[in-house]
Amino acid sequence: MNLRESFRFAVRGVTANKMRSLLTMSGILIGVAAVIILIAAGTGASAAIQKSISALGSNTLTVTSASTGAGGRGGGAAGGARAAVPGGGLRAGGGAARGRGAGGAGGAGTGTVNNGTKTQLTQLTLDDAQALMDPVLAPDVASVAPVVSAQSVTGTFEGASHTVGTFSGTSPSYLVNDNDSVQTGAPFTDSDYVARHRVALVGVTVAIDLVGGDGASLVGQTVQFNGVSYAVLGILTPKGSTGPQDQDDRVIAPLTAVQDTLTGYGTVSSISVKAASAEAVTAATSEVTDILNARHHVTTGNEDFSIFNPSSILSAVTSATSIFTALLGAVAGISLLVGGIGVMNIMLVTVTERTREIGIRKAIGAQKADIVGQFLLEAVLLSLFGGLIGVIIGVGVGQLSVGGFQLVVAPYSVVLAFIVSVAIGLFFGIYPANRAASLRPIDALRYE
């Protein structure tokens, strides 16, 4: 009997009891759909996390002091105020202000500082940021932006108030380093930085709390931050939330103005460094480390600063989420195995029910291969149809958003789940098919 005839017999066998066949297919259907959906959930979660981390700037380094220090805000505000130059660099400004704590005398800001009660490690200074722009010592550094953070800042406008989550003073190059942009209005410039203008860029959360609506009407208005007037130049493009942290609850202003009004002239909270390219991140990290080690008189292994690079976190997160996605797929694969067992069970029942039919066919000349082919095709058809319906359901559900992120259907999961479903039909159909083909015609004909 040829393949076409075997296929016709198999289709007739499957459709003879439609409800039983449908229930049998449902096991495969659920398994295939579960594999696609769970892998889509893992892939979507991974994509959402990677997007959040990449928003920090994959080729941006953040240098912070390893010591919070003690005593006054000392540590060398060497050179006092600084001014930005186009391209994100720094140059000495005309300000003569000095650090008000120990170590206020101008210098490189290196070594240790004794404030009479405790010896504290050197912290980061504006001179450190200036040194990182050396084109000879740091050729892979594209731009540098020192950052100071003002604590417990409350903004007020026409009776409305909002406690700002993050108030940063920095240079114009910070927006480029941090992958930031202004959606309404305009960013502050090098001229604003040098002239110490009290201007600010406001996050969407802050703007909406102060004026309502979409916050755009706050542009051009004057807001009081801890009683100090700042003109709002623009509204920052929303970044959304990362866990419990609202990345739009922030204000960015020129570092010079923030030092004048909110923080004083001390050390900087951090230094943002942008590498020339993603490929140059490792080289830039090494250059920054060497420069700061030399300035702070420390060696590798006992640095008094740390360098954070989002790409390293991204690599670790990608690895972890890949394992997580694989585990989800493996768990879903168990349901496919259960569906295969269901196919075998039904095929064994089918062989028992059709024993006399098998005996008649063998008596009139059907070969063992014909019987095996017929029942194996029935098992494969059940798995094939179940797999197709499962793919349709899985891809459909995979277009939804769940838990705040978009599911992402991985093409490989669709192909893999479908192939495995067909393979399961073959594997679990072999034993029932061989059992049917092994029946002796005389015993099959006498079966009641």
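This is a predicted model: local features need pLDDT of at least 70, side-chain atom pairs count only at pLDDT 80 or more; totals for chains, interfaces and linings use all residues.
Which residues have the most contacts inside the largest nonpolar core?

Numbering runs from 1 along each chain as its sequence is written, and side-chain values use heavy atoms, with hydrogens and water left out.

**View 1. The largest nonpolar core has 47 residues.** Phe167, Leu218, Phe225, Ile271 and Val273 are the ones with the most contacts inside this core. Helix α8 (residues 281–296) supplies the largest share, 5 residues. A nonpolar core here is a set of buried Ala, Val, Leu, Ile, Met, Phe, Trp, Tyr and Cys residues joined through side-chain atoms within 4.5 Å. Buried means under 20% relative accessible area, exposed over 50%, and partly exposed in between (1.4 Å probe, protein chains only). Helices (H or I, at least four residues) and strands (E, at least two) are DSSP runs, numbered from the N terminus.

**View 2. A second, separate core has 36 residues.** Look for Ala34, Ile424, Phe428 and Ala437, which are among its members.

**View 3. Ile271 and its contacts.** Skip the neighbours within four places in sequence, and Ile271 still touches Leu61, Thr62, Val63, Leu124, Thr125, Asp128, Ala129, Leu132, Val144, Ala145 and Pro146. Contact means heavy atoms within 4.5 Å.

**View 4. Lys239 pairs with Asp178 in a salt bridge at 3.2 Å, N to O.** Lys239 sits in the loop between β13 (228–236) and β14 (241–242), and Asp178 in the loop between α4 (173–177) and β10 (182–185), so the pair ties together parts 61 residues apart in sequence. Asp178 counts as buried because its relative accessibility is 13%. A salt bridge is a side-chain nitrogen of Lys or Arg within 4 Å of a carboxyl oxygen of Asp or Glu, and the count by this rule is 6.

**View 5. Arg250 also forms a salt bridge with Asp178, the closest N and O atoms being 4.0 Å apart.** Arg250 belongs to strand β16 (residues 250–254) and Asp178 to the loop between α4 and β10, so this pair ties together parts 72 residues apart in sequence. At 9% relative accessibility, Arg250 counts as buried.

**View 6. Asp180 meets Lys239 in a salt bridge at 3.3 Å, N to O.** Shared partners join Asp178, Asp180, Lys239 and Arg250 into one salt-bridge network.
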